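Me: I would like to go through this model feature by feature. Please give the general idea where there is one, then the case at hand.

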Amino acid sequence: MKQTVLFFIIWAVACLPACRNEIPFDMEENPPKLILNALIDCDTDRNRIYLAMTGRDQVSSVDNPLINILINGELKEQLNDDTRENDASSYLPDMYTWTNPYTTGVKFSPGDRVKIEASDGNGQRRAWAEDVVPQPVRIERVDTMTYTKKIWFGEEYRYLRVKITFTDNPDEKNYYRLALQSSDTLYGLSHITGKDTVLTLENYPKPIINEDFVLTGGRPYLDENDAPLFQPENPFCIFDDTHLNGTYTMTVSWRMDYYFDYYISEIMRRLGSLTIRLSAITESQYYYLKAVGLSEYETGKDFLYQPIPFPSNVQGGTGILGLSATSEQTLYLTEN
């Protein structure tokens, strides 16, 4: 009886007339507009600004551009092709020189209202963005603990668990980003020649966040490789103050043995450091990085996912202006 009913349902569905909704597609090109991208940190000596032009198939460079940087309504610097980094132009085709950023040494401070204006050579296209540099949050304390864990085929690796204590300002809405930078000088035997060698490595490892309540959006889990179903990753380690109430201790981990054996077969001595950066970021930067993270998570996972809209705070064009203020602490590690 069940088979008969199932057959009837399948037959009925198959006989239904197909529904088709034809959506007209306009092949005419949209007028090109400026793309202005800048993630500026007030604790960095040099900041980069990217400027390009939209196109139907690909973006392109802007001819004779002019970029004005204003702080609190006062013009601080003008950028043009003379202030552009041209390291890549020697081996990239002309169509890709838009990837070379414009560099500024203007000093930004918390509370500054920053405005960036951009235009092309003839002034026909203009774009601008404006925001306020947030107040920094101070890292009050850092506690560490090493531990080992077996992963992949039973191999054992060492990790450093880092607990970072800071205090959120409860009187305003705040947005943050956590980042790590490691530096290692290794003394040992070369994996290639077998002779004594010294190797220096700089890395920006992705913090392991599975233990932390805030970084996982209130859903911590036991193992870094066993995230809950349908829980997007947080590759940029961004968070807001939704789950904060004053002082909070954040927990992340860092894998200490990171493919060193690929370069050196036997390590005699290791001098290393781990820099912890906690940045207060603007709301625009927070939602932009969140969209990028969601896009990376959903790409290729399911064809039913809807496209991720990328927020923009650029007027007259598209792109993002993000401002941040950073505090940091460095841990020094020595092994013989």
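Me: Which side chain does the side chain of T326 join in a polar contact?

Reply: The model is a predicted one. In it, the side chains of T326 and S279 are joined by a polar contact of 2.6 Å.

Me: Where is T326 placed, and is T326 buried or exposed?

Reply: T326 lies in strand 15, which covers residues 318-335. Its relative accessible area is 14%, so T326 counts as buried, the cut-off being under 20%.

Me: Which residues does T326 touch, not counting those up to four places away in sequence?

Reply: T326 touches D41, D43, R277, L278 and S279.

Me: How should I read the pairing of strands?

Reply: Strands of a sheet pair through backbone hydrogen bonds, and the pairing is either parallel or antiparallel. Here, strand 8 and strand 9 (residues 155-167) are paired in the antiparallel sense over 12 bridges. Within that pairing, I139 stands opposite F166 of strand 9.

Me: What is the strand order of the open sheet of three strands?

Reply: The order is 8-9-13, and the pairing is antiparallel. Strand 8 (139-151) and strand 13 (247-255) are the edge strands, each pairing on one side only. On average, neighbouring strands of this sheet are turned by 20 degrees against each other, with direction ignored.

Me: How many bridges join strand 10 to strand 11?

Reply: Eight bridges join strand 10 (residues 175-190) to strand 11, and the two run antiparallel. T185 stands opposite T200 in strand 11. The two strands form a hairpin with five residues between them. In the turn, G194 has a positive phi of about 80 degrees.

Me: Where in the chain are N64 and C237?

Reply: N64 is in the loop between strand 2 (47-53) and strand 3 (66-71). C237 is in the loop between strand 11 (196-203) and strand 12 (238-240).

Me: Is N64 buried or exposed, and is C237 buried or exposed?

Reply: N64 has a relative accessible area of 58% and is therefore exposed, since the cut-off for that class is over 50%. C237 is at 0% relative accessibility, so C237 counts as buried.

Me: What are the totals for the chain as a whole?

Reply: The secondary structure comes to two helices and 15 strands. Of the 336 residues, 40% count as buried. Among contacts between residues at least 6 apart in sequence, 68% join residues at least 24 apart. The chain exposes about 20,700 Å², of which carbon and sulfur atoms supply 51%.

Conventions: Residues numbered from 1 in each chain as written. Predicted model: local features only at pLDDT ≥ 70, side-chain atom pairs only at ≥ 80, totals over all residues. Heavy atoms only, no water. Helix = DSSP H or I, 4+ residues; strand = E, 2+ residues; numbered from the N terminus. Buried < 20%, exposed > 50% of the residue type's maximum accessible area, 1.4 Å probe, protein only. Polar contact = N/O pair within 3.5 Å; in protein donor to acceptor, adjacent residues only side chain to side chain. Contact = heavy atoms within 4.5 Å. Pairing = 2+ DSSP bridges. Axes fitted to C-alpha atoms, helices over the stretch in contact; angles between N-to-C directions. Areas by Shrake-Rupley, 256 points an atom, 1.4 Å probe, with all protein chains shown as cover.
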